[in-house]
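Here are my notes for when you open the model on your screen.

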Amino acid sequence: MRKDIWVLAEHRNGRLRDVSLEMLGRANELVRETGGRTCSILLGKDIDELATILARHSDDVVYGNDPGFEQFNSAHYQRLMLDRLRGHEPALVMIAQSAQGADLAPSLAVAAKLPLITDVVALNCMDGGFRATRQFYQGKVSGDFALGNAATHLVTVREGCFAAATPNKQADVEKIPAFADLDDAGKRFLEFIEPEIGEVDITKSSVLVAVGRGIKEEKNLRIIEDLAAALNADVCGSRA
């Protein structure tokens, strides 16, 4: 039986987020073993260009270009996903482990009665199904989960865990019609607040020199900064 994988593409300020192509990268690898197809699901306003990009990275693209999707609203996304799941049984639905994914995925899993594994850092085929890995205690312990007998499983995927998809496809693209009453959602978007960003985005750094409590005082950072300069690295710190 063919096992398709759906990826809910996430975008912000007119650009696809890296995690969207990372999920597609792993999904494309997995379907080579399952004999299925990858399908990107994209929701937004004025997103034709983004749909064209996804068409080069997945087997199929389904997108809703609607003013009601201009800003993320989990109720709107959930309604669309529930509608698409009726009559379809993808083996896996992948959503980013992000603020949006954390809002949508648990509610969607309950509404669609789907098993859910959150914050996945690895996905593999195993015994005709899938195995997911997630971490506990701030990464000190990893747990492997064999996905059970449900026809469809839902996972949220941590950014930066997979290589981005290669643009070597030409997808079949389906544009879905607008919903007439998206405003009746029970909640509404108010504003988007950009988080403060430091001088360096360490998620883009090739080499990092990390410090923790052992540095004790700010004056002791000089030796770390000298080391980072010698290694052409960026300096980062632990959560504490």
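**Notes on the model**

1. Start with arginine 26. Setting aside neighbours within four places in sequence, arginine 26 is in contact with Leu123, Asn124, Phe162 and Ala163, where contact means heavy atoms within 4.5 Å. Arginine 26 has its place in helix α1 (residues 18-34). Its relative accessibility is 13%, so arginine 26 counts as buried; the cut-offs are under 20% relative accessible area for buried, over 50% for exposed, and partly exposed in between (1.4 Å probe, protein chains only).

2. A word on where this comes from. This is a predicted model, in which local features need pLDDT of at least 70 and side-chain atom pairs count only at pLDDT 80 or more, while totals for chains, interfaces and linings use all residues. Residues are numbered from 1 along each chain as its sequence is written, and side-chain values use heavy atoms, with hydrogens and water left out.

3. Now the overall picture. The protein has five helices and 13 strands; these are DSSP runs numbered from the N terminus, with helices being H or I of at least four residues and strands E of at least two. Along the principal axes, the C-alpha atoms fill a box of roughly 60 × 45 × 35 Å. Of the 240 residues, 43% count as buried. Among contacts with a separation of 6 or more, 69% come from residues 24 or more positions apart.

4. Strands β12 (residues 208-211) and β13 (residues 234-237) pair in the parallel sense over four bridges; pairing takes at least two DSSP bridges between two strands. Alanine 210 has cysteine 236 in β13 as its bridge partner. From β12 the chain crosses through helix α5 (residues 221-231) to β13, a right-handed β-α-β crossover. Right-handed here means that, with the strands pointing away from the viewer, the path from the first strand over the helix to the second runs clockwise.

5. Which residue in the loop between α5 and β13 is worth a look? That is asparagine 232. Asparagine 232 has a positive phi of about 55° although it is not a glycine. Most residues other than glycine have a negative phi. At 70% relative accessibility, asparagine 232 counts as exposed.

6. Tyrosine 137 also deserves a check. Tyrosine 137 sits in the loop between β8 (129-136) and β9 (141-146), and has a positive phi of about 50° without being a glycine. Is tyrosine 137 buried or exposed? Its relative accessibility is 65%, so tyrosine 137 counts as exposed.
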